[in-house]
Amino acid sequence: MDSESLHSADPFSEPKVLQKKDFEALYRLYWQRLYNFALSKTHDRDVAEEIVQDLFVTIWEKRRELRVTNYQSYLFVSVRNKVINHYKQAIFADLDSASDSVAPDYPLFLEELDAALRNALGQLPQKTHDIFFLSRFEGKSVSEISSQLAIPERTIEYHITQALRQLKVLLRNSTSIIIAVIINIKF
């Protein structure tokens, strides 16, 4: 097998079992190009070399089973697939190595948000605070609050809107999560 036949795409040619001299010719012809291709995708010399070496080891081990009609396509697609597998393994390794180190900070974060919210609620005018509390913390509707406090519904809506505006300003330095929680979720 010469170098031209190695990368020809003749669909009528019979794939042959790769002999040692053919393998060596294939290795000499493609190793550097495949390495450069893998390096351009991984930006890591060691990983690129490992990918190409692994490919040639696999080809040698499976040389009796392989039926390749276009070695150039086969080799580059194989390297591309190995690069993809490399990134998949790296992602899963990162996920596996992720620890619960973030979890212990989470309750502390919630405590800080709770304290910031309580502080901001304490700065609201009393009527606005009461209406907002009934709306967001007790889950009452505008009409229920209107009936309970004997205040027109438009006034209830005004106080809720004012509370949200003031809380937005008061909690500006806090995270926006708490604002989203207050606006979207009724407790």
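These legends accompany close-up views of a predicted model.

**View 1. Confidence along the chain.**
The mean pLDDT of the protein chain is 80. Of its residues, 75% reach 70 or more. Confidence is highest in helix H3 (residues 45-61), at a mean of 93. Helix H1 (residues 3-6) has the lowest confidence, with a mean of 51. Over residues 7-12 the pLDDT is below 50. Beyond near neighbours in sequence, that stretch has nine contacts in the model. Where pLDDT is low, predicted coordinates should not be read in detail.

H3 has 17 residues, which should span 24 Å at 1.5 Å a residue. Its end C-alpha atoms are 24 Å apart, in agreement with that value. Which residues of H3 are buried? They are Val-47, Ala-48, Ile-51, Val-52, Leu-55, Phe-56 and Ile-59. These residues cover an arc of only 165° around the axis, so they sit on the same side of H3. On the other side, Asp-46, Glu-50 and Glu-61 are exposed.

**View 2. The largest nonpolar core.**
This core has 22 residues. Leu-34, Phe-56 and Ile-59 have the most contacts inside it. H2, H3 and helix H4 (71-97) are the elements that give two or more residues to the core.

Trp-31 is found in helix H2 (residues 20-42). Is Trp-31 buried or exposed? Its relative accessibility is 17%, so Trp-31 counts as buried; the cut-off is under 20%. Leaving aside neighbours within four places in sequence, Trp-31 is in contact with Leu-26, Glu-49, Val-52, Gln-53 and Phe-56. Gln-53 is 22 residues from Trp-31 along the chain. The C-alpha atoms of Trp-31 and Gln-53 are separated by 8.4 Å.

**View 3. Tyr-30 in helix H2.**
Tyr-30 lies in helix H2. With a relative accessible area of 0%, Tyr-30 is buried. Along the chain, Tyr-30 and Phe-76 are 46 residues apart. Their C-alpha atoms are separated by 9.3 Å.

**View 4. Salt bridge Glu-24 to Arg-28.**
Both residues lie in helix H2. They are four residues apart, about one turn of the helix. Glu-24 forms a salt bridge with Arg-28, and the closest N and O atoms are 3.8 Å apart. How accessible are the two partners? Glu-24 has 34% relative accessibility and counts as partly exposed. Arg-28 is exposed, at 63%.

**View 5. Salt bridge Lys-140 to Glu-138.**
The count of salt bridges in the model comes to four. In one of them, Lys-140 pairs with Glu-138. The closest N and O atoms of this pair are 3.8 Å apart. Lys-140 is partly exposed, with a relative accessible area of 24%. Glu-138 is partly exposed as well, at 42%.

Helix H8 (residues 153-170) has 18 residues. From first C-alpha to last it reaches 25 Å, close to the 26 Å expected at 1.5 Å a residue. Ile-156, His-159, Ile-160, Gln-162, Ala-163 and Leu-167 are buried in H8. Seen down the axis, the buried residues fall within an arc of 165°, so they line one face of the helix.

**View 6. Salt bridge Arg-154 to Glu-157.**
The side chains of Arg-154 and Glu-157 meet in a salt bridge (3.8 Å, N to O). The two are three residues apart in helix H8, so about one helical turn separates them. Arg-154 counts as exposed, at 68% relative accessibility. Glu-157 is partly exposed, with a relative accessible area of 35%.

Methods. Residues are numbered from 1 along each chain as its sequence is written. Side-chain values use heavy atoms; hydrogens and water are left out. The expected span of a helix is 1.5 Å times one less than its number of residues. Buried means under 20% relative accessible area, exposed over 50%, partly exposed in between (1.4 Å probe, protein chains only). The arc is that of the directions from the helix axis to the C-beta atoms. pLDDT is the predictor's confidence in each residue, from 0 to 100. Contact means heavy atoms within 4.5 Å. A nonpolar core is a set of buried Ala, Val, Leu, Ile, Met, Phe, Trp, Tyr and Cys residues joined through side-chain atoms within 4.5 Å.
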